[in-house]
Amino acid sequence: MHEMGIAIEIYRTCREVVREHGQGRLQTVRIAVGELAAVEPDLLKFGWEAVIADGPDEGAELEIDFCRADQRCPSCGEAKKRSEGSWFRICPDCGAPLEVRGGDELDVLEVSFETDDEPAEASKTQE
Amino acid sequence: MKKLVTIRRKALAASEEQADKLRERFADSGTLVFNLISSPGSGKTTLLETTIGRMAEVYKMAVIEGDVATERDADRIRAMGVPAHQVLTSGACHLDARQIETALEATDLLPADILFIENVGNLICPTTYDLGEDFKIALLSVTEGDDKPIKYPAIFSRADITVITKSDLLPYVPFDLDTVMAHISSLNPTGVILVVSSTTGEGIDLWCDLIASRFEAKRRS
């Protein structure tokens, strides 16, 4: 199980983002996990809970966008649906190697946190 | 006050940054680096012993061994006259870039022509971690069964080279070599597949030629 280690890394990344934008307590973190990232979302959430337990960010929520891979056959020129649980990169119709795009994401997308900083209204930052 | 920061940052950013630093370091020392990944007992250390026996006179080699416990593998490599460092993970199921950095700091493994990193025996977790290597190599021994590539597809779809080991045992085990090779090619149409036996020497020439050609290619680049 490597999800625990990944949860620790995600937490570090989030803490760094908070530090770069002030200080405060994590509320919600949204991440992208690709279906080819070899990371199990439920185990990752379990790991996240363990990482934040009894700490200043206890209760922070981890939201996971599960991302599908896009597959296209350069020979047939068509998008090919990936059958459930299959990692084959060969066109089921003509046998040509498929072009695979995405599906390997393991990215932090959004970090929301609560801070005592002024001004009092909510702010939004984009990098 | 609530703040929302929208970013897109690699979740493993710190670890990947470390891997990039390692890559620079390996580029500076002109070292070709292989990350060997397989289940326990598939013959990683034995293949390294065989490789050292064939190539260590021509190339300066070094090995980093990853295991949960014991110096056994590093001792086997040192017995062959090649410097080796054992990383003990105390239970962790994979090596990460920081452990490689620490190992390099603690030793004089570099400069070397070729560095083999033998990962912790595990088909799953080491797949995710970049160690700054040039190539990932997956090993699969014929005694493990021929369904492993489709059951553990991530490593076989990412490995640049898959080495099927213990081919001398093929007559004694139910292992459909053609099907396995077809599965691996379907997972990874551009990967190289080799069939070797450290016991009989089958395929070892091809394996050594492949390493040598990858080394020459890196030196030229």
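## Helices α1 and α4 of chain B

In this predicted model, helix α1 of chain B, spanning residues 13-29, and helix α4 of chain B, spanning residues 97-106, have axes that come within 8 Å and cross at roughly 40°. Because angles under 35 degrees count as roughly parallel and those of 65 to 115 as roughly perpendicular, α1(B) and α4(B) are oblique to each other, and their crossing is left-handed.

On the α1(B) side, the residues that meet α4(B) are Ala14(B), Ser15(B), Gln18(B), Ala19(B), Leu22(B), Arg25(B) and Phe26(B), while α4(B) contributes Ala97(B), Arg98(B), Ile100(B), Glu101(B), Leu104(B) and Glu105(B). The residues of this contact between α1(B) and α4(B) comprise 7 nonpolar, 2 polar and 4 charged.

## Helices α1 and α2 of chain A

In chain A, helix α1 (residues 3-20) packs with helix α2 (residues 41-52) at an angle of about 60°, their axes lying 8 Å apart. The two helices α1(A) and α2(A) are therefore oblique to each other, and α1(A) passes α2(A) in a right-handed crossing.

The α1(A) residues making the contact are Glu3(A), Met4(A), Ile6(A), Ala7(A), Ile8(A), Ile10(A), Tyr11(A) and Cys14(A), and from α2(A) come Leu43(A), Leu44(A), Gly47(A), Trp48(A), Ala50(A), Val51(A) and Ile52(A). By residue class, the contact of α1(A) with α2(A) divides into 13 nonpolar, 1 polar and 1 charged.

Methods:
Residues numbered from 1 in each chain as written. Chains lettered and ligands numbered in written order. Predicted model: local features only at pLDDT ≥ 70, side-chain atom pairs only at ≥ 80, totals over all residues. Heavy atoms only, no water. Axes fitted to C-alpha atoms, helices over the stretch in contact; angles between N-to-C directions. Helix = DSSP H or I, 4+ residues; strand = E, 2+ residues; numbered from the N terminus. Parallel < 35°, antiparallel > 145°, perpendicular 65-115°, else oblique. Left-handed = near helix turned anticlockwise from the far one by under 90°. Contact = heavy atoms within 4.5 Å. Nonpolar A, V, L, I, M, F, W, Y, C, P; charged D, E, K, R; others polar.
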